[in-house]
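Please read these points with the coordinates open. They run from the chain as a whole down to single residues.

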Amino acid sequence: MKKLIVLVLSLFFSGFINAQKKGNYSFSQYYQTIDSLMEISSDRGIFNGNILVTRNDSLVYQKSFGYTDGSEKTKLTKNSLFNIGSISKEFNAVSIVMLIEQGKLNFDDKLSQFGLGLPSWSKKVTIKHLLNYVSGIPRIDYDNVKNEKDILKDLQSISKLMFKPGEKYNYNNNSVFLQKRIIESITKKTYPEFVLENIIIPLKMSSVVFDPDSNHPNKTKCFDVHKINCDEKSVMKNRLWISVNDLNKWVTALHNNKLISRASLELLLKNQYFKNKESSLGSSYNAFALHLHGGQSWQFEAAFMSELKNDLNIFLMSNNKSKGFEIIQSVHKIMKGKTFSLPVRSIYREIRQKCIDNIDLGIQLYYELKKNSFDLYDFKNPKELNGLGNDLIAEKKLNESIKIFNLAVLEFPNNANLYYGLAKAHYKNKEYKLAFLNAKKSLELNPKNINAKEIIDEISKK
């Protein structure tokens, strides 16, 4: 029966593509095809959240799927509030540029100018470095900081930078923390007060909330693949929660120069130091024709794709992180009249907790699902095992990570990134000979893999 349903839907999608080729571009056809895609994604348990698609300020598609938390008692609505992860960092970056356009800041202003009590290295770090994540400041030490006072204290104790500002790319939340402190230093307002007065109220964004408590109306809770709600604790304050409609207002205002100039927008859309790295606003392609940004926090996931010239916006928010980025790409292909793929479940998410609890049982589950449910899970994508391996490194489960990466290179023997991941896990586990061999293999498969070369260089110094 499942194969029959997929066949019927495939024929429907083929009919849609043929209609597009004949020049039939009615919103109703977009709606029907997107709705079928989203229904399948919901039925397969890989999307719980809100989606919105607009073109030329007209609504193409909007719908809510699933529940506000893992208990599955309350259904989502278009007014539900989500944590949008890194997308919220656009607000501090744009706030900085608004102050620059007002003549209150300059891109070349030094971090030492803002009274934060930082060491002498702060004389070398500029606002431009912070906005492009090339400052050389280390990542937040989450193992030892408990709140924002600790973050500042930790920054004040750093004796030297990781590298000369501008030399390397290092995406981290210390850059975001410092941007907010600069805004507060210049405006003499708290960061939320500045954003409220200069962005939220002028754009009539009625849903935006910073750090809502658990009883706040329309607030969602994130949950994992096993329907267990997240422990949403953070050392950073002023996390931004927003509805899908207000995120649309934000992106639309940004692209129509209601907040900053077109020249400033293009500056923020492009990393000023490294061509293929993210900027403060995510990524942009085709001479600023396409703007993409995604964010993840706990089990929250959000993404948008926006065509500036064609005024096409696709927004997706989820409180049950899974395949959001793949889904939004499929929706974009539908809107462009292109063929697209049906999403499948994440094998990474499915076996993650089992791997943390007992790695051998986790790998056993992987093989069982591959044998019995191959069509329902993403076994063809090396990013799944790569993500799990890196996740286990972050959890300080190094032996478990090594086992996952060993599984990964068996499954994908020609993937340079997986050999680099295995090298990284061995290196962190102080198994330098194995780290060297796998880094060398990664370089053989991809001579441009700078990260693998860095591991080899580090081992050669020992």
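1. Surface. The accessible surface of the protein chain is about 22,100 Å². Carbon and sulfur atoms hold 49% of that surface. Areas were computed by the Shrake-Rupley method with a 1.4 Å probe, and for residues only the protein chains shown count as cover.

2. Basis. This is a predicted model: local features need pLDDT of at least 70, side-chain atom pairs count only at pLDDT 80 or more, and totals for chains, interfaces and linings use all residues. Residues are numbered from 1 along each chain as its sequence is written, and side-chain values use heavy atoms, with hydrogens and water left out.

3. Fold content and size. The protein chain has 17 helices and nine strands. These are DSSP runs, numbered from the N terminus: helices are H or I with at least four residues, strands are E with at least two. The radius of gyration is 23 Å, close to the 23 Å from the globule rule for 462 residues, so the chain is as compact as a globular protein of that length. That radius is taken over C-alpha atoms, and the rule is 2.2 Å times the number of residues to the power 0.38. Along its principal axes the C-alpha trace spans about 70 × 60 × 45 Å.

4. Packing. Of the 462 residues, 53% are buried. Buried means under 20% relative accessible area, exposed over 50%, and partly exposed in between (1.4 Å probe, protein chains only). Among contacts with a separation of 6 or more, 64% join residues 24 or more positions apart. A contact means heavy atoms within 4.5 Å.

5. Charge. The chain carries 67 positive and 47 negative charges, and their mean positions are 4 Å apart. Lys and Arg count as positive, Asp and Glu as negative; His and the chain ends are not counted. Each charge is placed at NZ of Lys, CZ of Arg, CG of Asp or CD of Glu.

6. Cysteines. How many disulfides does the whole structure hold? The search finds one. Cys 222 pairs with Cys 230, with the sulfur atoms 2.4 Å apart; the cut-off for a disulfide is within 2.5 Å. Cys 222 is buried at 0% relative accessibility, whereas Cys 230 is partly exposed at 22%. Cys 355 is in no disulfide, and its nearest cysteine sulfur, that of Cys 230, lies 18 Å away. Cys 355 is buried, at 0% relative accessible area.

7. A loop lysine. Lys 396 sits in the loop between helix H13 (382–394) and helix H14 (398–411). Lys 396 is exposed, at 58% relative accessibility. Its C-alpha atom is 9.7 Å from that of Asn 429, 33 residues apart along the chain.
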